[in-house]
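Visitor: Could you take me through this one? I would like to talk over one of its sheets and then a single residue.

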Amino acid sequence: MCSIIGYYGLEIAAPVIVKGLKRMEYRGYDSVGVATEANNHIELKKGVGKVAEVNSMVHLDSLPGRMGIGHTRWATHGKVTDKNAHPHSSSSGKIAIVHNGIIENYQELKKELEKEGYTFKSETDSEVIANLLQKNYDVTGDVKDTMMRTISELKGHYAFVAMFDNGQLSAARFHEPLIVGVGLSNFFFSSDVLGFIEYTDDAIYIENGNFAIMSKNEFKILDFNGEAVKYQITKVSKEFADSYKGEYAHFTLKEIYEQNETILKAGERSEDGIIKAADFIKHAKNVYITGSGTSYNSALIAKHIFSKYAKIKVETIMSSELQFSPDIIEPNSILIAISQSGESADVLEAVNTAKNVKCKIISIVNLLTSSLVRESDIAIGMNCGPEIGVAATKSFTSQLAILFKIIEKLSNNMVKVDFEEMSRSISKMLEERNKIKKIANELREISDIYVLGRGIHYPIAIEAALKLKELTYIHAEGIPGGELKHGPLALMDSGVLVIIINPNDSTYLDTLTSAIQIKSRGAKIIGISDVPSETYDYWIEIPKTSDLTYIISEIIPIQLLSYYAALEKNTDPDYPRNLAKSVTVK
Ligand code: G6P
């Protein structure tokens, strides 16, 4: 998703900004740009591609001056073109902006501004901010007043940084992340702490509905009415600077390999939160659980395990759907929100909907400095370190580990989860790397994959299909085994590949029957099971373990398969096309 950055300090701004943008690459983007100010003149360079590619073409980092702004764009309004890349300057070139979010009323604003003679170079919604600022600055001649007038005219969700050619930077936050990095001689606005972590670990989290002004002589934060607000400097975790691939070819592979350790660290330092969460859940009238993408798949698993092990009913709600059926949520209930980033717009909106009817919020989140944490009554940290690969891997298993820990507490420790066994089983699955690499070769010519599972293994099948489509761009679908004969069987022929998740539990025989029916239609079958079968063209063996360890173990070979198939298909496993790690717009 778009990342914005602003810098003012003693260093030459452009190289610092380029470095910050590179660190935020994981958020996902398609084009990049930088603008700087020197001697009351703004200069700007931008283009389509990765930061390093565009930089080597147009030399973003050669721009002069000690103040600047930068952006990586994830297209929403307007195609992926050089012109639509940010920064955007006002028609006079005296103000430039970078923006993350969506300006809903941009068409009306654009029409009015065009009537008044302002010109536009792009198809984006963002460019109106630059011209609107210019119009207001021409009237007021003052940055604070200009920002207040502009903000009052904008509708939508945004974080933007504006650079004025008089040497002032200003940034506003409305439902998109915005953080200030406070160094000794370097100051930043950024969407993410990774934008400045190399320079400082002191940060100010700008509250929603506030804006800030930064220049040589001043730094202040104001609310949208122009009143100064008090702020706090927070120390951010240095571990988030530790995002290097090391010996691994990709972050995704590194993150898959970290899981035998991250599973042991889940919820560390959040022990009180886990106890409190269990207490809230025990006494709640209703419990709902929400998330997006992989985090939603964790919620689906939670539904099964809460009822099986803690005899507690939870209702799952996809975050992006809640706004259309808000009445699902009974007032004064509990909403458990799961999110790696804590910044997914859909999740934040779901939380907001629940808070409006006085629900308490328990969040399971990796970034403990995120917006979600600030909206929560209890926040439990996944503690799995930075996850850079866009496709979630280690955060998924950490989310499950935390849900297991909550179950332990809900059962008054009658249920004991063996996390050491889980870690050993993950390590064993990781040793299957070479076998899985060979199977990945089979996916090269395949255009459809179906993943079958029943019961609690159905959400694993859905997560498996999600990993496959994100990483390989092959159409993949998770199917509840029993539904095969109610439709999907029509799709089975020698051109498809089917992955059968078939543990030796109560689902075994029914699932094997489905596999045999599929096999007789000519499809190739990969069996993921603790028992072999001649029905499988390939068998990936899962060690026999306790049930909860078994579920965790099932997803590891599919993460590896998706990764190696991505290499076979020549896609970039870390940054799948069109996707973003942190989806901060709706
Ligand atoms: C994006 C990512 C997914 C992720 C989802 C939810 O779609 O590409 O990998 O599962 O967002 O993200 P969250 O940070 O809320 O867990």
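**The sheet and a loop residue**

Guide: Tyr 288 stands opposite Leu 335 in E17, where two strands count as paired if DSSP finds at least two bridges between them. This is a predicted model, in which local features need pLDDT of at least 70 and side-chain atom pairs count only at pLDDT 80 or more, while totals for chains, interfaces and linings use all residues. Residues are numbered from 1 along each chain as its sequence is written, and side-chain values use heavy atoms, with hydrogens and water left out.

Visitor: How many bridges join E15 to E17?

Guide: There are 4 bridges between strand E15 (residues 287–291) and strand E17 (residues 334–339), and the two run parallel; strands (E, at least two residues) are DSSP runs, as are helices (H or I, at least four), numbered from the N terminus.

Visitor: And what is the strand order of the open sheet?

Guide: The order of its 5 strands is E16-E15-E17-E18-E19, with parallel pairing. Strand E16 (315–318) and strand E19 (378–381) stand at the edges with a single partner strand each, so one side of each is left without a neighbour in the sheet.

Visitor: Changing topic, where does Ser 215 lie?

Guide: Ser 215 is in the loop between strand E12 (210–214) and strand E13 (219–223).

Visitor: Buried or exposed, that Ser 215?

Guide: Ser 215 is buried, its relative accessible area being 12%, where buried means under 20%, exposed over 50% and partly exposed in between (1.4 Å probe, protein chains only).

Visitor: Which residues does Ser 215 touch?

Guide: Leaving aside residues up to four places away in sequence, Ser 215 touches Tyr 8, Gly 167 and Gln 168, contact meaning heavy atoms within 4.5 Å.
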